[in-house]
Amino acid sequence: FTSICGGYCIVIFNPFTDALSTQMNWVGSQRAFNIAVATTLLPIGAMCSCFVVTFLLSLGRLLTLRISMSSLLIGSFIISFSFFFAVPQRNSILFAIMAGRLFVGCGVGLCFATLPLYIREVVPDKSRGAHLTFHQIGNTLGLLIAFLLPLAFPNKLGKSFGLYGLFIAGFPIFFGIIQFIIQIVCFNYETPKFYISKDQIELAKQSLRQTYSDERQVELALQQITTGVQIEEQQTDSVIGIALAVACGIAIFQQLTGINAVLYYSGEMFIARGEQVAKIGTALVGIAQFLFVLIATFTIDRCGRKMMLILGSILCALFLFLFGYAYNLHHSSEQVFLFLYIAAFSFSHGPICWVYISEILSSKLVGYANIASWVATLMVSLSAPLLLNKLNGNLFYIYGMCTLMCIPFCIWCMKETSGKTEEEIKAMFGPVSYTHLTLPTKAQVQISVVAVSLKK
């Protein structure tokens, strides 16, 4: 539910930019500036939150997720009530939008850093990839809701302006309340790895019993996680640096595909074709993302992260070139190529980036990779409207070339993590010093499992 709210809040301004500008009398350079501010304050807030996410994760993954949801709700409330109660005072609305977007950005940043890590630490290794895509499924479902909303609103909001503000807050509030109830009733526990890192072994076993019904599996998983934690603590700086560089590279290339130029400004890109075309084009973006991220759920563990990312990069680049060409010609096929580009992104770069970062980095490092991602997001979101105005469809040729550069990076730098345990993944990026480790041998693990069986 946090992912749904995050995805919804990221793009909710996109489909309403034209109607909002009309209602607020934003024209010319003022319109461009205010939309850019409302858009870019979210990645700024997300980037700032990543500087403190390591500290918050040390206090608890569940606590960090609750702080994330709370920040999303506060931001949504600020924006909603400013629309509903301050319609005549347009300057105050703009200020409230800025403050609200910052709060929303902080919540989104914490969500994207924490949720994949939380899922990674509570699910079995064999189904890790499929479960981790649930984060992206929730994100794209939130995007889809935001992109379909304009179909229920007139092009000129008029008296519906305050109602629109309530809609902005209504969905995050609804999902936020459901999330808090579910967390309290069903998921009111930290991850086993968090408990082990705090030497709370009994609590770790209780957490593992939420996943495994067999006590022998609980004991075996406990031994494996303990080994992984010990290896993680003994990793050298060079090994950590290599893993972090690869994770940051994957995160940056995800943004250099131009995805957020499309998500943030698809309404602006198609508005010259007519308001109805803009609404349809924006809705197609949401539909394509949601449908094709579902495909990744079934293929990510079978095909592997590396192969899917390489294939996705090839297809994304191809459709970006075709979309740029059709966009320059104002050809009707432009929306078809946009749909295919979003589809290619959604089963590859979209979910795999967050899956891979959570797999190869510890809780102490995920914040840095997320900072790299949000810096790249900020660069794309700031430059996209200016470059689109100057370069027109040629901008997508640039994104296509950047996407092609991701292919050799994946071939040479990316290690396949599908089906591997945490200790195996950590060992792929370089040797680990085992001098101070007390690793259980296979025989010790078997003895431990037999002992548990005898107790039963």
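Here are some friendly notes on a predicted model, meant to be read with the structure open beside you.

1. **The overall picture.** Start with the whole chain before zooming in. The protein has 21 helices and zero strands, so helices are what to look for as you turn the model. Of its 456 residues, 58% are buried. Contacts are worth a look too: taking those with a separation of 6 or more, 84% join residues 24 or more positions apart.

2. **The surface.** The accessible surface of the protein comes to about 18,600 Å². Carbon and sulfur atoms account for 69% of that area.

3. **The largest pocket.** How much space lies in the largest pocket? The value is about 620 Å³. Its lining is made of 22 residues, and those nearest the centre of the pocket are F1, L115, Y118, I119 and F187. Several helices contribute to this lining: α1 (2-11), α5 (61-85), α6 (90-122), α7 (128-148) and α8 (161-185) each supply at least two residues.

4. R305 belongs to helix α15, which covers residues 305-329. Is R305 buried or exposed? With a relative accessible area of 0%, R305 is buried, because the cut-off for that word is under 20%. Beyond its neighbours within four places in sequence, R305 is in contact with a list of residues that includes R128, G129, Y356, E359, M414 and E416.

5. **Two partners of R305.** I300 and I352 are also among the contacts of R305. For I300, the backbone oxygen lies 3.2 Å from a polar atom of the R305 side chain. As for I352, it is 47 residues from R305 along the chain, yet the C-alpha atoms of the two are separated by 6.4 Å.

6. The model has 10 aromatic pairs. One of them joins F323 and F396 in an edge-to-face arrangement, with 4.7 Å from centre to centre and 75 degrees between the planes. Why does this pair tie together parts that are 73 residues apart in sequence? The reason is that F323 lies in helix α15, whereas F396 lies in helix α19 (residues 394-413). F323 counts as buried at 1% relative accessibility, and F396 is likewise buried, with a relative accessible area of 1%.

7. F396 and Y399 are separated by about one helical turn, because they sit three residues apart in helix α19. Y399 is buried, as F396 is. Put together, ring pairs link F323, Y327, F396 and Y399 into a cluster.

8. **K205, a charged name to check.** Look next at K205 in helix α10, which runs over residues 201-208. Its relative accessible area is 17%, so K205 counts as buried under the 20% cut-off. Apart from its neighbours within four places in sequence, K205 is in contact with V218, E219 and L222.

Terms used. Residues are numbered from 1 along each chain as its sequence is written. This is a predicted model: local features need pLDDT of at least 70, side-chain atom pairs count only at pLDDT 80 or more; totals for chains, interfaces and linings use all residues. Side-chain values use heavy atoms; hydrogens and water are left out. Helices (H or I, at least four residues) and strands (E, at least two) are DSSP runs, numbered from the N terminus. Buried means under 20% relative accessible area, exposed over 50%, partly exposed in between (1.4 Å probe, protein chains only). Contact means heavy atoms within 4.5 Å. A polar contact is a pair of N or O atoms within 3.5 Å; within protein, one must be able to donate a hydrogen and the other to accept it, and residues adjacent in sequence count only if both atoms are side-chain atoms. Rings of Phe, Tyr and Trp (its six-membered ring) pair if their centres lie within 6.5 Å; planes under 30 degrees apart count as stacked, over 60 as edge-to-face and the rest as tilted. Accessible areas come from the Shrake-Rupley method with a 1.4 Å probe; for residues, only the protein chains shown count as cover. On a 1 Å grid over the protein atoms alone, a cavity is a set of points where a 1.4 Å probe fits but cannot get out, and a pocket is an open set with protein on both sides within 12 Å along at least five of seven lines; lining residues have an atom within 4 Å of a point. Grid points are joined across faces, edges and corners, and a volume is the space filled by probe spheres set on the points.
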